[in-house]
Amino acid sequence: MNLLWIYRSMEMIRVLLVLLVLGSAEGRRVRGQRTQTPESFPLDFTAVEGNVESFMTQVKNLAQSLYPCSTQKLDQEMKLQFLRNTSVTCNDGSPAGYYIKESRGSRRWLMFLEGGWYCFSKHTCDSRYETMRRLMSSSKWPLTRTGTGILSSQPEENPHWWNANTVFVPYCSSDVWSGSTAKTDQNEYAFMGSQIIEEVIKELVTKGLDGAKVLLLAGSSAGGTGVLLNVDRVSELLEDLGLGSVQVRGLADSGWFLDHKQYRFTDCIDTISCAPTEAIKRGVRYWNSVVPERCSHVYNGEDWNCFFGYKVQPTLKRPVFVVQWLFDEAQLMVDNVHLTGQPVQEGQWRYIQNLGSELRNTLKNVPAMFAPACLSHEIITRSYWMDIHVKGTSLPRALQCWDRSLRHHGNSSSSSIQAPPRGCPLHLIDSCPWPHCNPSCPTIREQLTGQEMSVIQFLTHLGFDVQRVAQQQGMEPHKLLGMLSNGT
């Protein structure tokens, strides 16, 4: 193949990307100034808004035309690595590990903590081992994983972090990433979540993390709570290793649980029905949990408090972006509000609405957040994560705004975030009061038939009485139906 043609094709890609950056607000500010080598290649679509698909098609076509000429194709899979320190294990004593996709041209690192509930006693862990063994053992982990959502290497699915060094840490400790207990003759299970994170960080230092500018510690569900518990410890570990210049940040998805009273109290006999407060109190002792030092001090050693976002977040030194559905399915499940089968009762409906209000109140002082009024659980690794909007802003866009606001602050606290550029919001929370009142919420499907449901059908299924609610709100029923259909 003609080398001149290859060079020209590569130059065209470079020019397209440079034009895109210069077209952004940030590009206009720095035009003409000498800049340092970027830590990554985030794509800002501001300059081509309204024509993004055409632009991305050109870039992809040019890139794909070069594939046959390259010595190797772009690798989009993350490869399994078991920890070199074999004393740090999963619950059953099998080796812990991580998946990694290196991007040698990038100084950005994204480390994701998987979620998947927990167990807090021999009985609940035995049951978990029988039914969810993949979350307690590495014995059947695949050799590779393909990232989706924020872990994707496709720019059209992941416009800001597509070129980052990506690390996926499977959850096999069942301790919300907090435990520090090894498997022994006395302890049938190991709980080493906090130590798994520590060992992964140490190994990543030998793979290029020592040259990183930014490390984003992200996680969903129990992994999201794990971010809140570990983001300061990760930063302090890097400082101890002489890498204090690495900016450590957190992204907690669907890990912001409430410790309020259940809708219907039940005995704490299994993971699903046990109240979060009681489950965590038992778990902290069983796992020998490690929590942020400042949070433990604030709550006088009652460390279970630090597993609840609104309590631990104000004590953290490093900035954290919180992503939380206002009507989180996992929260409703542990609160014993069940949405399958018969329509919910009036008391349950009020409880669901109050949940949204309570979450709003706990999030009001969080500097950077994205909270859609949807009934769902987890988002950042979903392929549709770009489609959800709050007040007209997508989650990837909100994260990019947050990134800009932190660019010159190093490892400073979240309170030092500077104002983002105009039209670049950080504090995004829906104000409408119904589950799925946001029209961009994920598609609702009827569980038995799999058929899609409209918002009105869904609310009717939940026992929503349009006539009565309209009367309570002092409006005509047809007006309320219109508002629900439009997501207002």
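**Figure 1. Disulfide between Cys 432 and Cys 437 in the predicted model.** Cys 432 and Cys 437 are joined by a disulfide with their sulfur atoms 2.0 Å apart; the structure is a predicted model. The S-S torsion of Cys 432 and Cys 437 is about 80°, so this disulfide is right-handed. Cys 432 has a relative accessibility of 9% and counts as buried. Cys 437, at 1%, is buried too. A search of the whole structure finds seven disulfides.

**Figure 2. Disulfide between Cys 374 and Cys 441.** The sulfur atoms of Cys 374 and Cys 441 lie 1.9 Å apart and form a disulfide. This pair links distant parts of the chain, 67 residues apart: Cys 374 is in the loop between β10 (369-371) and β11 (375-376), and Cys 441 is in the loop between β14 (427-429) and β15 (444-445). The link of Cys 374 and Cys 441 is left-handed, with -85° about the S-S bond. Cys 374 is buried at 0% relative accessibility. Cys 441 counts as buried at 11%, because the cut-off for buried is under 20% relative accessible area.

**Figure 3. Disulfide between Cys 401 and Cys 424.** Cys 401 is joined to Cys 424 by a disulfide, with an S to S distance of 1.8 Å. Cys 401 sits in helix α12 (residues 395-406) and Cys 424 in the loop between α12 and β14, so the pair links distant parts of the chain, 23 residues apart. The torsion about the S-S bond of Cys 401 and Cys 424 is -105°, a left-handed link. Cys 401 is buried, with a relative accessible area of 0%. Cys 424 is likewise buried, at 3%.

**Figure 4. Helix α12 and its surroundings.** Helix α12 has 12 residues and spans 17 Å from its first C-alpha to its last, close to the 16 Å expected at 1.5 Å a residue. Of these 12 residues, 11 are buried, so α12 is largely enclosed by the rest of the structure.

**Figure 5. Nonpolar core around Met 111.** The largest nonpolar core has 123 residues, of which Met 111, Ile 150, Leu 238 and Phe 321 touch the most other members. Helix α6 (residues 222-240) gives the most to this core, with eight residues. Leaving out residues up to four places away in sequence, Met 111 touches Val 167, Val 169, Ile 197, Val 200, Ile 201, Leu 204, Leu 215, Leu 216, Leu 217 and Ala 218. In soluble globular proteins, nonpolar side chains tend to be buried together.

Figure 6. Ser 178 lies in the loop between β5 (165-169) and α5 (193-205). Ser 178 counts as buried, at 0% relative accessibility. Beyond neighbours within four places in sequence, Ser 178 is in contact with Gly 193, Ser 194, Leu 229, Trp 287, Asn 288, Ser 289, Val 290 and Phe 307.

**Figure 7. Salt bridge between Glu 203 and Arg 84.** The closest N and O atoms of Glu 203 and Arg 84 are 3.9 Å apart, and the two residues form a salt bridge. Glu 203 is in helix α5 and Arg 84 in the loop between β1 (77-82) and β2 (97-101), so the pair ties together parts that are 119 residues apart in sequence. Glu 203 is buried, with a relative accessible area of 4%, whereas Arg 84 is exposed, at 55%.

Figure 8. In helix α4 (residues 122-131), Lys 122 and Asp 126 are four residues apart, about one turn of the helix. Lys 122 forms a salt bridge with Asp 126, with the closest N and O atoms 2.7 Å apart. Lys 122 counts as partly exposed at 44% relative accessibility, as does Asp 126 at 25%. In helix α5, Glu 199 and Lys 202 are three residues apart, and their salt bridge has its closest N and O atoms 3.7 Å apart. Glu 199 is buried, at 13%, while Lys 202 is partly exposed, at 32%. Glu 199 and Lys 202 belong to a network of salt bridges that also links Glu 198 and Arg 233.

Technical notes. Residues are numbered from 1 along each chain as its sequence is written. This is a predicted model: local features need pLDDT of at least 70, side-chain atom pairs count only at pLDDT 80 or more; totals for chains, interfaces and linings use all residues. Side-chain values use heavy atoms; hydrogens and water are left out. Helices (H or I, at least four residues) and strands (E, at least two) are DSSP runs, numbered from the N terminus. Buried means under 20% relative accessible area, exposed over 50%, partly exposed in between (1.4 Å probe, protein chains only). Contact means heavy atoms within 4.5 Å. A nonpolar core is a set of buried Ala, Val, Leu, Ile, Met, Phe, Trp, Tyr and Cys residues joined through side-chain atoms within 4.5 Å. A disulfide is a pair of cysteine sulfur atoms within 2.5 Å. The expected span of a helix is 1.5 Å times one less than its number of residues. A salt bridge is a side-chain nitrogen of Lys or Arg within 4 Å of a carboxyl oxygen of Asp or Glu.
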